[in-house]
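Me: I'm new to this one. Can you put it up and walk me through it?

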Amino acid sequence: MNESLKLLQRQSTPAKALVDPAPDDRQLRQILKIALSAPDHGRLHPYRFISIRGDARYRLSEIFGKATQRRDPGVDPAYLQKQKDKPLRSPLIVVVVASPIESPKIPEIEQILSAGAAAHNVLLAANALGFGSIWLTGANAYDDYVRSELGLDDGEKIVGFIYIGTPTLDFPPRPIPEVSTHHTRWD
Ligand SMILES: Cc1cc2nc3c(=O)[nH]c(=O)nc-3n(C[C@H](O)[C@H](O)[C@H](O)COP(=O)(O)O)c2cc1C
């Protein structure tokens, strides 16, 4: 096996270990172009991206805070602060939004899978450009207040918040399972 393949080396970086520089606008465009090349039944491209960087992250921080309080009005202040701090950990966040459309031919599950493939392409593209990233969800990803504040329409879903930046640390390679434990041969 060719262990030096870049594809084998992708691994997530904890969001708080991602710092400036983040991809600049030109690099972000390239990342999103690669995301848009994900497999897609019917060429619907049933997803879109919202990029949040710099001071705009404080808007997301406020949204996460409000959403947390709405979910639990008596929330523990330390937990509330933790939620508010989340968007401030990394210099760039790409929100991947699935926008499935009614289609007699392409079931919604396939459209969501396409959005997931696009999200993974964001990780791979960021890695190929030398950046670190991580795909995160959590309660805020499934919160109607967050969805509405981000301008999502009914039916749109947050597939993930992808945090991107330059890794501060070198992490040991992640363990990858033996192929044989996940592969049945019929030949
Ligand atoms: C749809 C999806 C949602 C995820 N949400 C979270 C999350 O909220 N919190 C978390 O710690 N990891 C989450 N992960 C896992 C991380 O993105 C990452 O894959 C994991 O930490 C393993 O690291 P690796 O990518 O280097 O194998 C999620 C992964 C996927 C595919």
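Me: Where is Glu-156?
Reply: Glu-156 sits in the loop between α6 (144–149) and β5. Keep in mind that this is a predicted model.

Me: Is Glu-156 buried or exposed?
Reply: Buried. Its relative accessibility is 8%, and buried means under 20%.

Me: What does Glu-156 touch?
Reply: Setting aside residues up to four places away in sequence, Glu-156 touches Arg-48, Val-97, Ala-98, Ser-99, Arg-147 and Gly-151. With Arg-48 there is a polar contact between the side chains, at 2.8 Å.

Me: And how far apart are Glu-156 and Lys-82?
Reply: They are 26 Å apart, C-alpha to C-alpha. In sequence, 74 residues separate Glu-156 and Lys-82.

Me: On to β5. Where is Phe-161, and is it buried or exposed?
Reply: Phe-161 is in strand β5, residues 157–167. Phe-161 counts as buried because its relative accessibility is 2%, and the cut-off for buried is under 20%.

Me: What is Phe-161 in contact with?
Reply: Leave aside the neighbours within four places in sequence. Then the contacts of Phe-161 include Phe-64, Ile-93, Val-94 and Val-95. Ile-134, Trp-135, Leu-136 and Thr-137 are also among them.

Me: Which atoms lie by the oxygen atoms of the ligand?
Reply: A polar side-chain atom of Ser-12 is 2.6 Å from a ligand oxygen. For Arg-174, an N or O atom of the side chain is 2.7 Å from a ligand oxygen. Gly-138 uses its backbone: an N or O atom there lies 3.5 Å from an oxygen of the ligand.

Me: How much of the ligand does the protein cover?
Reply: The protein covers 50% of the ligand's accessible area, which is 610 Å² for the ligand on its own.

Me: New topic: α2. Which residues are buried there?
Reply: Helix α2 spans residues 25–35, and Gln-27, Leu-28, Ile-31, Leu-32 and Ala-35 are buried in it.

Me: What do they pack against?
Reply: The buried residues of α2 pack against β2 (47–53), β3 (92–98) and α5 (108–128).

Me: And which exposed residues are on the face turned away?
Reply: Arg-26, Arg-29 and Lys-33.

Me: What caps the N-terminal end of α2?
Reply: Asp-24 does. One of its side-chain oxygens lies 3.1 Å from the backbone nitrogen of Arg-26.

Me: Now the backbone. Where is there a cis peptide bond?
Reply: Between Asp-20 and Pro-21, with omega about 0°. Pro-21 is in the loop between β1 (18–19) and α2.

Me: Which residues have a positive phi without being glycine?
Reply: Arg-43 has a phi of about 50°, and His-45 has one of about 45°. Arg-43 lies in the loop between α2 and β2, and His-45 is in the loop between α2 and β2 as well.

Me: Why point those out?
Reply: Most residues other than glycine have a negative phi, and most peptide bonds are trans.

Me: How accessible are Arg-43 and His-45?
Reply: Arg-43 counts as exposed, at 73% relative accessibility. His-45 counts as partly exposed, at 33%.

Me: One more loop. Where is Ser-90, and what does its side chain reach?
Reply: Ser-90 lies in the loop between α4 (77–85) and β3. Its side chain reaches the backbone oxygen of Ala-15 at 2.8 Å. Ser-90 counts as buried, at 1% relative accessibility.

Conventions:
Residues are numbered from 1 along each chain as its sequence is written. This is a predicted model: local features need pLDDT of at least 70, side-chain atom pairs count only at pLDDT 80 or more; totals for chains, interfaces and linings use all residues. Side-chain values use heavy atoms; hydrogens and water are left out. A polar contact is a pair of N or O atoms within 3.5 Å; within protein, one must be able to donate a hydrogen and the other to accept it, and residues adjacent in sequence count only if both atoms are side-chain atoms. Accessible areas come from the Shrake-Rupley method with a 1.4 Å probe; for residues, only the protein chains shown count as cover. Buried means under 20% relative accessible area, exposed over 50%, partly exposed in between (1.4 Å probe, protein chains only). Helices (H or I, at least four residues) and strands (E, at least two) are DSSP runs, numbered from the N terminus. Contact means heavy atoms within 4.5 Å.
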